Amino acid sequence: MTTRPCTMHVVGAGLAGLAAAVRLAAEGRDVRLYEAAPHAGGRCRSYFDAELGCRIDNGNHLLLAGNHRTRDYLDQIGALDTLEGPFDAVFPFIDAESGCRWSLRPNRGLFPWWISSAKRRVPGTRAADYLAVLALRRSHSSATVVEALDREARAFRCLWEPLAVAALNTSAEHASARLFWRVLAETLGRGGTACRPLVPCQGLSETFIDPALAHLQAQGAEIRFGARLRALRFALDHVTELVFDTGSVALGRDDRLVLAVPATVAARLVPTLTVPDIYSPIVNAHFRCAVPPCSPYFIGMVGGTAEWIFRKQMGLSVTVSAADKIVDLSAEELRGLLWRDAALAYRVPADPVPPARIVKERRATFLASPAQLLRRPPITTRWRNLLLAGDYVDTGLPAAIEGAIASGIMAAARATEAAGAPVASHPQRSNAWNRRQSDSVPVHE
Ligand SMILES: Cc1cc2nc3c(=O)[nH]c(=O)nc-3n(C[C@H](O)[C@H](O)[C@H](O)COP(=O)(O)OP(=O)(O)OC[C@H]3O[C@@H](n4cnc5c(N)ncnc54)[C@H](O)[C@@H]3O)c2cc1C
């Protein structure tokens, strides 16, 4: 089959855009990646914080070994070995009210015998409390997590609720029961091996972003930073032109466009596009302090303000998802509240409170409520050369790393389906490699 040469334009260098670009470049496509910011990574990146005097991540990101699309992506960019975590699936927890500590330890293998072992489950729960979660699978598409599960049960407070809030960045009152089921089916449902928690050894950028840019560069992809897409021009059934601040790019007949910008931006650029329109905040507090080196990678907390506390190279880092209740508190108030919980969890002195950076991501992800899920658009559009990617598109997965990467891979697959086979491996071009490391941050207090 002879095919015309065509260019794959990818706009947005967050995880969705990077995953699309990496997939397209791997197929020998001519790839151009445009990013508005002077750096890649979007909502998943690291930067140098001048006040703290160290690099921090915009937010703590936890992966599970069962996130296979993410692992494939990391494998492709040669960054799989930049993740670390416990050898087995172990989730240490503390109850901030009682001080009680326990570790959830799902066993390897598909048969979940761990639920019948008191040493592996939440203290004070029974095996039946875990089987009750099957109600999520049978729930109506409009049901929320609290409607499907018994919120009075200890397993709800100490396990299902913290997991739902962390995975969906949505309170159990609002979160879709079906979507939570999907998360559990892909992780706990696949046994302990799929639940092994993984975190970047250094930072988000060192794992997810920098190796992808280097890989794309090596593949001859052209990467343009500071390229903000202002408008798209349309003909009857296709996009004809990309209008950037700096000039326009006409699309060739067989070119494809993967639009991998956040939902709000996509809705401005694409007429009549429906997207989720309610967002849920995440608050992170990064404390520069000394931490015993052999302490756990992270600890989950119930009954406190903090939800997950991570041990980092720079100290301790606290995450609060679905953080509506605290997002308007001042940075000083948050510093005190969250340090009290972090110190308790890691058994370090509560006084003095160490220097901290509070990062509020008010639009961290869309609210994973049943109603908002109905607003997720498909990857394909009515324009034959325009594909959508991003954690908001309808992948059936939550707005998270795995979902963003899945969307990019799916968009790339649809883009190439229509374009046919690549012409030939294109020669290494001189790369518009104007990558700048920026220390600017999204939202700071
Ligand atoms: C604080 C925080 C904590 C999180 N924790 C986790 C976690 O523990 N586990 C997990 O799996 N997920 C987590 N997530 C979610 C995860 O980070 C996101 O789902 C994912 O990064 C979204 O990627 P994306 O490519 O869809 O969007 P984005 O990262 O938003 O990327 C979009 C890109 O498009 C660019 N852009 C915007 N407008 C334009 C334009 N006009 N022209 C050109 N470019 C443009 C942006 O600059 C950006 O680089 C967290 C998110 C946050 C904010």
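Which residues does F208 touch, not counting residues up to four places away in sequence? In this predicted model, the contacts of F208 are L15, L18, C44, L63, T70, Y73, L74, I77, P200 and I401. F208 belongs to the largest nonpolar core, a set of 72 residues. Y73, F208, L242 and L259 have the most contacts inside that core. Helix α1, spanning residues 15-26, supplies the largest share of the core, at nine residues. A second core is separate and holds 41 residues. Among its members are L136, L168, V199 and A368.

The overall fold was examined next. The chain comprises 13 helices and 20 strands. Its radius of gyration is 22 Å, close to the 22 Å that the globule rule gives for 445 residues, so the chain is as compact as a globular protein of that length. Along the principal axes, the C-alpha atoms fill a box of roughly 65 × 50 × 35 Å. Of the 445 residues, 56% count as buried. Contacts were also sorted by sequence separation. Among those with a separation of 6 or more, 71% join residues 24 or more positions apart.

The side chains include 51 positive and 43 negative groups. The centres of the two charge sets lie 4 Å apart.

Backbone geometry was then considered, loop by loop. The peptide bond from D351 to P352 is cis. Its omega is near -10 degrees. P352 sits in the loop between α11 (331-346) and β19 (356-366). A322 is not a glycine, yet its phi is positive, at about 40 degrees.

T272 likewise is a residue other than glycine with a positive phi, near 60 degrees. The loop that holds T272 runs between α10 (263-269) and β15 (279-288). Is T272 buried or exposed? The relative accessible area of T272 is 71%. Exposed means over 50%, so T272 counts as exposed.

Definitions and conventions: Residues numbered from 1 in each chain as written. Predicted model: local features only at pLDDT ≥ 70, side-chain atom pairs only at ≥ 80, totals over all residues. Heavy atoms only, no water. Core = buried A, V, L, I, M, F, W, Y, C linked by side-chain atoms within 4.5 Å. Buried < 20%, exposed > 50% of the residue type's maximum accessible area, 1.4 Å probe, protein only. Helix = DSSP H or I, 4+ residues; strand = E, 2+ residues; numbered from the N terminus. Contact = heavy atoms within 4.5 Å. Rg over C-alpha atoms; globule rule 2.2 N^0.38 Å. Lys, Arg positive; Asp, Glu negative; His and termini not counted. Charge placed at Lys NZ, Arg CZ, Asp CG, Glu CD.
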